[in-house]
Amino acid sequence: MRVIVGFGGGIAAYKATSLLRLFSKDGHDVVAMPTPSALEFVGQPTLEALSGNPVSSSVFERVEEVNHVRQAELADLVVVAPATADLMARLAMGRANDLLSATILTTHAPVVLAPAMHTQMWEHPATQANVATLREFGYHVLDPAVGRLTGPDSGSGRMPEPEEIFGFAMSVKDSSQKDEKKTLQGRSVVITAGGTREPLDPVRYLGNRSSGKQGVALAEAARALGADVTLIHAHMEVPAPDGVRCVFASSAEELRNAVLENVADKDVLIMAAAVADFRPASYEEYKIKKSETDDAAPTISLVRNPDILREVVSLREQQPELAPETIVGFAAETGSATQSVLELGEAKLRRKKCDYLAINEVGEQRGFGADDNHLTVLAATAEPAQVYQGSKYDVAKALLLHVMRP
Ligand code: CTP
């Protein structure tokens with residue numbers, strides 16, 4: 001998921017930088033969003049290096065993208081640490097005078113605030129009233145810890161430890177997902193994800209750039225909607241989610257076998273994996289070595305891999321009891337000199353004969369490895385194409401609700 005870590009202007013900001021690491025180590029895409037005064041305590045390069053993303057604090061940067069709206073829509077979770085008295089006062093009033101407050105005012109993602117300030121500021125009725133207001137808005141405000149403050153004194157107002165904030169924020173996100181209606185209770189779905197690797201010798205393979213994020217988002221969304229989920233995954237940049245049955249398959253051949261073993265009696269198969277169309281014709285038992293005597297380079301011959309999607313479609317025609325009821329393919333397309341993405345997708349849907357084809361428009365800014373997505377879903381019947389745009393999770397949810405509607 002995509003997490004915005006907001007920083008208020010307090011000395012605890014230096015400690016809160018480790019939240020960036022905690023979220024990214026857990027496999028999330030992290031955006032650091034300091035208020036201008038937070039930058040007095042931690043430098044922009046530190047935040048950029050730790051998050052791996054560009055950092056802005058003002059709504060007047062990247063204006064052409066309407067950055068606060070874009071960031072707010074992309075976020076799955078917003079965590080602010082330290083939430084200072086001033087920042088909470090501004091949020092309680094609905095002010096939007098920097099990028100962080102404007103983003104929080106816009107987002108639908110859960111918002112977690114970890115206050116940090118001096119005891120007197122925390123106990124002031126103004127701060128207490130603001131915290132009560134923020135909780136009424138549905139923001140999740142942690143109670144500050146009791147302990148040593150910035151100076152020699154101690155009391156209530158210390159920022160909770162980053163690990164505690166991280167754990168709390170993750171539980172907030174989990175329960176917000178659990179609140180979603182269990183629309184797919186009693187339904188079953190098999191999802192493939194990631195990119196296959198076709199072995200060449202014991203150390204080399206032919207692979208592809210699939211991150212697995214869309215397939216994992218589908219599995220997470222299907223689980224949140226109450227479905228019984230089997231995730232058959234090849235190689236991915238993100239961890240497989242908890243709470244779903246996972247089967248690992250490295251090559252196209254292994255993925256094919258895993259799919260055929262797992263689809264009988266299932267309601268839906270979604271083939272989001274990037275399956276290699278070709279594999280090396282032979283596997284060398286020992287590492288391929290350079291020639292010592294000349295500059296000759298080996299030629300790699302390839303053979304075709306099975307087309308899993310087509311095979312499952314044929315299986316359904318011949319032995320429906322062994323196949324899923326609904327079959328959904330994915331296609332990453334860039335368009336070509338003569339054909340649009342949609343035309344290529346329509347041709348692919350006719351070729352593959354699946355029920356739906358979700359076309360993922362890829363390009364420099366879109367697709368592989370990104371956290372947001374643009375999907376056009378074509379149906380084999382005459383029903384109109386559906387377009388979904390947003391985080392991979394939201395797009396996944398919309399796709400599932402569409403292809404699994406009763
Ligand atoms: N697919 C499959 N088996 C393969 C290749 C692809 O099941 N050997 C599935 C993918 O998981 C995806 C769909 O087919 O759901 C379309 O994949 P794509 O690579 O776009 O299609 P190809 O038929 O390989 O067409 P292209 O020539 O455009 O690569």
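Predicted model: local features only at pLDDT ≥ 70, side-chain atom pairs only at ≥ 80, totals over all residues.
Helix 10 passes helix 11 in a right-handed crossing.

**Helix 10 against helix 11**
- Helix 10 covers residues 252–262 and helix 11 covers residues 308–318; their axes come within 10 Å and cross at roughly 25°.
- Angles under 35 degrees count as roughly parallel, so helix 10 is roughly parallel to helix 11.
- On the helix 10 side, the contact is made by Ala 252, Leu 255, Arg 256, Val 259 and Leu 260.
- Helix 11 brings Ile 308, Glu 311, Val 312 and Leu 315 to that contact.
- Sorted by class, the contact has seven nonpolar residues, two charged ones and no polar ones.

**Around the ligand**
- The ligand is surrounded by 15 residues, and the closest are Met 271, Asp 277, Phe 330, Lys 348 and Lys 352.
- Lys 352 uses its side chain: an N or O atom there is 2.8 Å from an oxygen atom of the ligand.
- Leu 309 has a backbone N or O atom 2.8 Å from an oxygen atom of the ligand.
- With Pro 306, a backbone N or O atom lies 2.9 Å from a nitrogen atom of the ligand.

- Most peptide bonds are trans, and most residues other than glycine have a negative phi.
- Ala 81 and Pro 82 are joined by a cis peptide bond, with omega at about -5°.
- Pro 82 itself lies in strand 3, residues 77–83.
- Asp 265 isn't a glycine, yet has a positive phi of about 65°.
- You'll find Asp 265 in the loop between helix 10 and strand 13 (268–271).

Key:
Residues numbered from 1 in each chain as written. Heavy atoms only, no water. Axes fitted to C-alpha atoms, helices over the stretch in contact; angles between N-to-C directions. Helix = DSSP H or I, 4+ residues; strand = E, 2+ residues; numbered from the N terminus. Parallel < 35°, antiparallel > 145°, perpendicular 65-115°, else oblique. Left-handed = near helix turned anticlockwise from the far one by under 90°. Contact = heavy atoms within 4.5 Å. Nonpolar A, V, L, I, M, F, W, Y, C, P; charged D, E, K, R; others polar. Near = heavy atom within 4 Å. Polar contact = N/O pair within 3.5 Å; in protein donor to acceptor, adjacent residues only side chain to side chain.
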